[in-house]
Structure formats: C-alpha cells, structure tokens
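Dear colleague,

I am passing on to you the structure we spoke about, and below it you will find my notes on what turned up in it. Please read them with the coordinates open beside you.

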Amino acid sequence: TPSMPSDEQVARNIKSILNKLTFEKFESLSKQLVGCGLRSAAHAELLIHEIFEKATTQHHFVDMYADLCTFLEKHFTDNPFVADGAISAGKEGKIISFKRLLLDECQASFEMRSQLSKVDTDDEVAALRYKTRMLGNIKLVGA
C-alpha cells in the first residue's frame, strides 16, 4: 500500500484541487478532493478554511462551493473523522461533524470580519476587500 501523504502534501493537494475547481470539473475534482489524503479533523478544518476563503472572494462560484460543502457533508457523514486534538480541547475521540466545523468557520469568519469593520475608510482597497468578503460570507450562508 502506498504511504500516507504528509500533512503538508495534503494541504498542497487541497489547494491545488480547489484552484482547478470549476462547474465543468466539479464531479471529478470533488472526488479527487476526498481522495487526496484527508484523514484528520485538522485536514477537514484546513479544507473548510480554504473553501470558505474562495467562496467569500469568488462570488460567481459561491453556488459551486455550497454544492461542494453539501458533497463533503455527505462524504464525511459516511466516512467520519475522530477528533485528533486539533479541535477544541475535550473533544478528543469524538466524531467530528463536517457541518459543525463549517458553522464554526462561518462564525469565526463573520466575527473576525465584524472586528475588521473598523477598517480605515481612507484605504479604499482594504474597504473593498472587507465588503467583498462580508458579502461572500453572506452569499455562502444563503446558498
């Protein structure tokens, strides 16, 4: 059997596959994604973070990322992870819900961005980036 990819290789695989993801390649790449070495809650958290970053900045693909989250929720329900210490203390050994991790990322992102609402309004680029991500956050949740 081939050796398991390192955490760094899994992270590179996740980013590489997500960078190629389009509506046309969705089916094959979503299957590649779940087969790229994901084996821990930390990998799932990284995957969710990367999906969230893309969905909040690439609004024209927000429906595709929402579909990807639905696909991944089903996959991880059928193939659950057990907490490995990367999650909040006290949950080690418990099955991790993809939906819970996704909601945690959404909440953390929203709270972080609301803290950033004090963005210097004189910095138009930062203000636009802030508005784009907040809108993306809202679109992903509503998709």
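**Aromatic pairs**

The count of aromatic pairs in this structure comes to 2. In one of them, the rings of Phe23 and Phe61 have their centres 5.5 Å apart and their planes at 50°, so this pair is tilted. Phe23 lies in the loop between H1 and H2, whereas Phe61 lies in the loop between H3 and H4, so the pair ties together parts that are 38 residues apart in sequence. The two residues can also be described by their accessibility: Phe23 counts as partly exposed, at 46% relative accessibility, while Phe61 is buried, with a relative accessible area of 17%. Please keep in mind throughout that this is a predicted model.

**The chain as a whole**

The protein chain holds 6 helices and 2 strands, and its elements, taken from the N terminus on, run α-α-α-α-β-β-α-α. Of the 143 residues in the protein chain, 38% are buried.

Helix H1 covers residues 7-20, which makes 14 residues, and from its first C-alpha to its last it reaches 20 Å, close to the 20 Å expected at 1.5 Å a residue. Its buried residues are Val10, Ala11, Ile14, Ile17 and Leu18. Seen down the axis of H1, these buried residues fall within an arc of 140°, so they line one face of the helix. As background to this pattern, an α-helix has 3.6 residues a turn, so residues three or four places apart point the same way. The face of H1 that is turned away from the buried side carries the exposed residues Glu8 and Asn19. What do the buried residues of H1 pack against? Their partners are helix H2 (26-34), helix H3 (41-57) and helix H4 (62-78).

**The largest nonpolar core**

The largest nonpolar core has 34 residues, and of these Leu47, Tyr65 and Leu68 touch the most other members. The elements that give two or more residues to this core are H1, H2, H3, H4 and helix H5 (98-115), and H4 gives the most, with 8 residues. For Tyr65, leaving aside its neighbours within four places in sequence, the contacts are with Leu18, Leu21, Ile51, Lys54, Ala55, Gln58 and Leu140; Leu18, on this list, is also one of the buried residues of H1.

**Salt bridges**

The count of salt bridges comes to 5, and I describe some of them here. Asp7 forms a salt bridge with Arg39, in which the closest N and O atoms are 3.6 Å apart. Asp7 lies in helix H1 and Arg39 in the loop between H2 and H3, so this pair ties together parts that are 32 residues apart in sequence. Asp7 counts as partly exposed, at 47% relative accessibility, and Arg39 counts as partly exposed too, at 34%.

Lys15 forms a salt bridge with Glu50, with the closest N and O atoms 3.9 Å apart. This pair links distant parts of the chain, given that Lys15 is in helix H1 and Glu50 in helix H3, 35 residues apart. Lys15 counts as partly exposed, at 39% relative accessibility, whereas Glu50 is buried, with a relative accessible area of 14%.

In a further salt bridge, the side chains of Asp104 and Arg100 meet at 3.1 Å, N to O. Both residues, Asp104 and Arg100, lie in helix H5, 4 residues apart, which is about one turn of the helix. Asp104 counts as partly exposed at 31% relative accessibility, and Arg100 counts as partly exposed at 40%.

**Glu105**

Not counting residues up to four places away in sequence, Glu105 touches Ile48, His49 and Phe52.

With best regards

How values were computed
Residues are numbered from 1 along each chain as its sequence is written. This is a predicted model: local features need pLDDT of at least 70, side-chain atom pairs count only at pLDDT 80 or more; totals for chains, interfaces and linings use all residues. Side-chain values use heavy atoms; hydrogens and water are left out. The expected span of a helix is 1.5 Å times one less than its number of residues. Buried means under 20% relative accessible area, exposed over 50%, partly exposed in between (1.4 Å probe, protein chains only). The arc is that of the directions from the helix axis to the C-beta atoms. Contact means heavy atoms within 4.5 Å. A nonpolar core is a set of buried Ala, Val, Leu, Ile, Met, Phe, Trp, Tyr and Cys residues joined through side-chain atoms within 4.5 Å. Rings of Phe, Tyr and Trp (its six-membered ring) pair if their centres lie within 6.5 Å; planes under 30 degrees apart count as stacked, over 60 as edge-to-face and the rest as tilted. A salt bridge is a side-chain nitrogen of Lys or Arg within 4 Å of a carboxyl oxygen of Asp or Glu.
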